[in-house]
Amino acid sequence: MFAYYLRLGLHSLRRNPLLTSLMVVAIGFGVAASMTTYAVLRATSNNPIPQKSSQLFTPQIDNAGPSVTGDDNGEPPDLMSYIDAMALMQAHRAKRQTAMYPIGVSIIPPDASRLPFQETSYATYADTFSMFDIPFLYGAGWSAQEDQARAAVAVIGRALNDKLFQGANSVGRDIVLDNHSYRIVGVMNNWNPQPMFYDVRTAGGFGDPTQVFIPFTHAVDLEIPTIGANMCATSSNGGWNTWLRSDCVWINYWVELPDNASVAAYHDYLYSYAAQQQHAGRFQWAPNIRLRNVMQWLDYKQVVPPESKISLLVSLGFLLICLVNTVGLLLAKFMRRAPEIGVRRALGASRNAIYVQFLIEAGTVGLAGGLLGVVMTGVGMLGISLVFEPQIARLATVDTSLVGLTLCVAVLATVMAAFYPTWRAAQVQPAWQLKSS
Amino acid sequence: MLQIKPILAALKRHKAGTILIVLQIALTLAIVCNAMFIINQRVARMSRPTGMDESNLLVIQNHWVGVNTQAIPTLTHADLLTLRQLPGVEDATRINAYPLSENGSFEGIRLDPNMKPRISLAAEYFVDDHALPTMGVQLVAGRNFRADEIHAIDPQVARPPSEVIITKALADKLYSNGTALGKPIYIGNDNPPPSTIIGIVGQLQAPFPNTNFVDCAVLLPSLLEDNDGSYLIRSKPDQLAIIAKEAPATLLKLNRMRVFSSEHGIRTFDVVRIEAYKSDRGIAIVLGSICVVLLIITGAGIVGLTSFWVGQRRKQIGVRRALGATRGDILTYFLTENFLISLLGLLIGTVLAICLSEWLVIRFEMQRLSILYLLTSSVVLLLLGQAATLNPALRASRVPPVEATRSV
């Protein structure tokens with residue numbers, strides 16, 4: 001019976017070509033707009049490190065006081081000062097911890113005929129590699145001893161390794177950053193979490209994959225400045241060492257806390273650290289700290305661009321209107337066939353049979369709309385780069401799950417829209433119809 | 001026109017169809033007027049002038065590689081001398097940031113250095129004496145910097161200079177009635193020394209187009225000892241394309257220890273503007289297309305349902321015609337019917353539109369919808385409804401009276 005109704009449905013698609021194509025186009029557009037915007041939202045609200053996002057935390061300490069944080073609903077600064085970052089590193093209260101900042105070093109190719117170039121680079125600590133589950137193609141991260149020894153070592157990305165060494169194992173070889181040489185200890189294997197949770201402040205959440213890591217300690221020795229944000233509540237103008245000792249904030253700080261107990265303990269530690277600073281007279285205010293995990297942090301920093309939420313809302317409104325439209329047109333299409341329904345009912349068809357027949361017919365309309373929707377979603381994907389930065393646009397892609405979702409949404413929405421017209425069709429009185437015709 | 005009573009009576013028998021059209025018009029109005037409002041705000045933001053003569057400007061973002069920062073002023077001098085001598089170049093300057101560059105520094109400005117709250121924030125442009133002529137920024141009072149006033153400074157130990165040029169918008173915030181020239185201002189937080197205003201420029205935007213201090217900037221006569229900086233080059237008319245090729249090549253020939261970033265390294269100002277407002281333009285295009293498709297679908301929906309009604313009522317129309325109704329009567333009957341339905345839809349749509357706008361205000365901190373957009377969109381939808389009804393209504397008016405005698 002299903003096959004028969006399906007055939008009837010397909011047949012009726014051709015019966016009112018204008019009405020039908022209007023419905024198919026409306027559903028196609030509505031579904032495509034929703035799916036395109038949903039793809040962007042899905043990409044931007046992605047969990048960048050799902051296996052660990054609830055174990056990685058970024059602590060915040062208010063080192064500026066209410067006169068500065070007042071503008072920000074009392075929220076402590078996003079970044080940390082050198083003084084606080086170093087105190088936390090030395091206290092070593094988390095399972096793992098790292099302080100990191102973006103650096104603007106240039107890579108000088110060994111081949112003198114090639115021009116220097118830049119890649120996304122960070123100064124960081126050895127724990128970073130195990131904390132962020134960074135995969136390695138060759139070698140590994142450096143050790144805590146090398147942090148201590150302030151060693152000139154580097155971990156580079158696979159793309160950079162391809163560019164400089166044609167993909168060969170470069171562990172043990174040197175790389176020149178600005179005028180300084182570093183020994184390569186590891187080559188990362190395509191590590192690119194998006195959003196870039198570890199430095200939301202600089203990259204705005206999305207950016208090119210990091211290709212160079214060097215030890216934080218060594219970068220500070222070389223006085224390599226941050227290329228990220230550097231916010232000073234009070235001016236600091238006495239050169240590098242004065243800046244390090246100032247309350248300017250510029251460091252991303254991350255800790256790994258594997259369970260609830262260690263999270264609570266670390267929270268207490270942060271509080272007591274801030275209290276101690278207040279006691280010592282450095283902070284003239286009560287402890288004001290935060291400890292957010294990866295997803296809480298991305299949410300707090302509003303990494304998902306407001307454009308993507310607004311456009312999804314507009315698209316859903318659009319889909320709703322298309323569906324209202326479809327209800328009206330299906331009603332017109334079905335009621336036009338009242339005489340036909342009357343004949344079928346008179347010949348013994350049950351109400352249920354009418355329901356099944358018309359819902360399947362609506363389903364075929366929905367399927368046709370969904371197929372158009374898939375094509376239009378593909379076109380929509382090309383349009384994403386109109387609105388969003390290329391870093392975001394290339395994250396939104398059509399995959400099988402999106403195609404499946406598009407078809408499902410189209411069919412389900414149309415069948416739902418068809419309930420009322422079908423109910424009306426099933427109410428047709430056979431006797432009345434036969435008499436009047 | 002006095003067919004309202006029978007129309008209402010007829011509509012009661014077509015509740016479902018009527019409600020659907022009302023609902024569709026209401027939703028369309030709510031979305032279209034809010035979308036038009038957002039589009040207009042974005043377009044207004046995109047068309048604000050920076051204050052520069054943008055058509056002949058080239059920006060080269062230059063990063064020095066591995067050079068001692070103290071050597072940078074000398075290297076910069078050499079670069080600028082070479083650039084200025086290139087045929088087709090009008091003038092060139094080095095600057096830490098520029099309008100629409102979306103990064104740069106800003107400071108609080110005060111008239112009393114001990115006062116905690118600042119009067120305004122202002123963008124800082126570290127410039128030389130060639131900056132104003134290169135950017136094409138107009139002085140409205142005072143004078144430009146002299147070459148001997150430009151000092152090399154380490155950004156880590158920067159102190160505000162003794163002479164500054166500020167924008168008129170900032171001058172008006174600080175001193176009333178255009179009396180700012182020659183007066184002191186204080187730049188920064190910790191008891192900075194005073195800086196004297198020696199010049200006022202008409203307009204020069206801050207690097208960040210979306211801040212509330214977008215028109216406030218101070219120009220400081222300093223050459224920063226900083227690896228990063230941008231060269232602004234003003235070409236002679238019609239020479240921009242050639243300069244965009246030659247200037248970077250010339251700089252590399254002079255010294256190859258530099259990097260021009262792959263994305264923002266070398267851009268004409270047209271490109272800078274396009275990239276800065278990319279998402280604004282994109283949002284406007286996307287919302288605009290959604291509005292157009294929405295209106296088409298709504299119009300088509302009305303055509304579909306009205307056609308259905310006309311088909312359903314052929315017999316009744318025939319009876320009316322046989323009883324003496326003119327073609328015009330039938331035409332106006334359907335147009336009035338649509339008018340009444342649209343009116344109800346617009347009424348409900350207005351409530352929805354205002355709710356949606358309030359929600360956007362609360363959730364996304366947008367501006368409140370202006371009534372003008374509501375009215376315009378309502379008129380557009382009303383006209384669309386009438387236009388969509390016209391064809392089926394004309395077909396109805398052509399139903400012959402003899403139809404009354406036929407069975408369905």
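In chain B, α2(B) passes α8(B) in a left-handed crossing, a term for a near helix turned anticlockwise from the far one by less than a right angle (clockwise would be right-handed). The model is predicted, and local features need pLDDT of at least 70, side-chain atom pairs count only at pLDDT 80 or more, while totals for chains, interfaces and linings use all residues. Residues are numbered from 1 along each chain as its sequence is written, chains are lettered from A and ligands numbered from 1 in the order in which they are written, and side-chain values use heavy atoms, without hydrogens and water.

The two helices of that crossing, α2 (residues 15–46) and α8 (residues 278–312) of chain B, have axes 9 Å apart and pack at an angle of about 160°. Helices here are DSSP runs of H or I with at least four residues, strands are runs of E with at least two, and both are numbered from the N terminus. The axes are lines fitted to C-alpha atoms, for helices over the stretch in contact, with angles from 0 to 180 degrees between N-to-C directions. The angle therefore makes α2(B) roughly antiparallel to α8(B) (over 145 degrees; under 35 is roughly parallel, 65 to 115 roughly perpendicular, the rest oblique).

Turning to aromatic side chains, a search of the whole structure finds 33 aromatic pairs over all chains. The rings of Phe283(A) and Trp285(A) are stacked, because their planes are at 10° and their centres 5.4 Å apart. Rings of Phe, Tyr and Trp (its six-membered ring) pair if their centres lie within 6.5 Å; planes under 30 degrees apart count as stacked, over 60 as edge-to-face and the rest as tilted. Phe283(A) is buried at 2% relative accessible area, and Trp285(A) is buried at 15%. Buried means under 20%, exposed over 50%, and partly exposed in between (1.4 Å probe, protein chains only).

Trp297(A) and Tyr300(A) form a tilted pair, with ring centres 5.9 Å apart and planes at 40°. Both belong to helix α12 (residues 294–300) of chain A, where being three residues apart separates them by about one helical turn. Trp297(A) is buried at 4%, whereas Tyr300(A) is partly exposed at 23%. The charged end of Arg292(A) sits over the ring of Tyr300(A), 3.7 Å from its centre. This requires CZ of Arg or NZ of Lys within 6 Å of the ring centre and within 35 degrees of the ring normal. Likewise, the charged end of Lys163(A) sits over the ring of Phe117(A), 4.1 Å from its centre.
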